[in-house]
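Dear colleague,

Here is the structure I promised to pass on to you.

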Amino acid sequence: MIRSSSGFVAALTAVALAVIGFLTYQASAYAPADLSASRAAESSPATASKAPRDKNHPTALPASSGTGQRVVYSLDDDRVWLVDEGDKVRLTFRVSPGTVDPLPARYVVTSRSGTIVGSDGVAVEHVVRFASLDGIAIGFSAAVDGSVTPPDPARKLGAIREPRGAGAAMWDFATIGTRVTVIK
């Protein structure tokens, strides 16, 4: 009897492992190639054209930057707009970009961290991540000491540094799932 029950347990274990192996294979067959890649908010190809600007009001929200509540980040202007529902700008401010820029597209905020040490060794707060490029996480953050210095050009850094007050406003505004539109 002991032999048959241990044989039965061995058979059940083998079947369980086979089922787990099959389910693992099936899950991997449908998983994205790069799970660390950022998720686009909607289908939005990168475009080479620059969003039109109001030459009389350089801090005005660029046309063609989307609609509804969102963060708009201009690569060419190193500027961010926090935009409420109804396209009213809540706040706009300049930033110091990292050495790795996100592609112009629409993204969503995928993760946040209250206080961490950035990949450049600087203590930062209010980290709001929305993209990844070549394994480099890209997001907004503010240095705890308040500095907004250009990054080391010899390193691959995705940190977009903002002033502390702007970082606190971004933290309150850009929760998980908030749309981020990156324009040229």
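**Notes on the model**

At 10% relative accessibility, Glu125 counts as buried, a word that here stands for under 20% relative accessible area, with exposed meaning over 50% and partly exposed in between (1.4 Å probe, protein chains only). Glu125 is also the partner of Arg164 in a salt bridge, where the closest N and O atoms are 2.6 Å apart; by salt bridge I mean a side-chain nitrogen of Lys or Arg within 4 Å of a carboxyl oxygen of Asp or Glu. This pair links distant parts of the chain, given that Arg164 sits in helix α2 (residues 164-173) and Glu125 in strand β6, 39 residues apart. Arg164, with 39% relative accessibility, counts as partly exposed.

Before going further, please keep in mind that this is a predicted model, in which local features need pLDDT of at least 70 and side-chain atom pairs count only at pLDDT 80 or more, while totals for chains, interfaces and linings use all residues. Residues are numbered from 1 along each chain as its sequence is written, and side-chain values use heavy atoms, with hydrogens and water left out.

**The chain as a whole**

The secondary structure comes to two helices and nine strands, where helices (H or I, at least four residues) and strands (E, at least two) are DSSP runs numbered from the N terminus. Read along the sequence, they follow the pattern α-β-β-β-β-β-β-β-β-α-β. Of the 184 residues, 34% count as buried. The chain exposes about 10,500 Å², of which carbon and sulfur atoms supply 59%; accessible areas come from the Shrake-Rupley method with a 1.4 Å probe, and for residues only the protein chains shown count as cover. Among contacts (heavy atoms within 4.5 Å) between residues at least 6 apart in sequence, 55% join residues at least 24 apart.

**Other salt bridges**

Asp120 forms one with Arg161, the closest N and O atoms being 3.1 Å apart. Asp120 lies in the loop between β5 (111-117) and β6 (123-133), and Arg161 in strand β8 (residues 159-161), so this pair ties together parts that are 41 residues apart in sequence. Arg161 is buried, with a relative accessible area of 7%, whereas Asp120, at 25%, counts as partly exposed.

Asp87 forms a salt bridge with Arg70, with 2.8 Å between the closest N and O atoms. Asp87 is in the loop between β2 (79-83) and β3 (89-94), and Arg70 is in strand β1 (residues 70-74), 17 residues apart. Arg70 counts as buried at 1% relative accessibility, while Asp87 is partly exposed at 34%.

β2 and β3 form a hairpin with five residues between them, and Gly86 in the turn has a positive phi of about 85°. The two strands run antiparallel and are joined by five bridges, two strands being taken to pair if DSSP finds at least two bridges between them.

Val180 lies in strand β9 (residues 179-183) and is buried, with a relative accessible area of 1%. Not counting residues up to four places away in sequence, Val180 touches Val71, Ala105, Arg106, Tyr107, Val108, Val109, Phe130 and Phe140. The C-alpha atoms of Val180 and Arg129, 51 residues apart along the chain, are separated by 9.9 Å.
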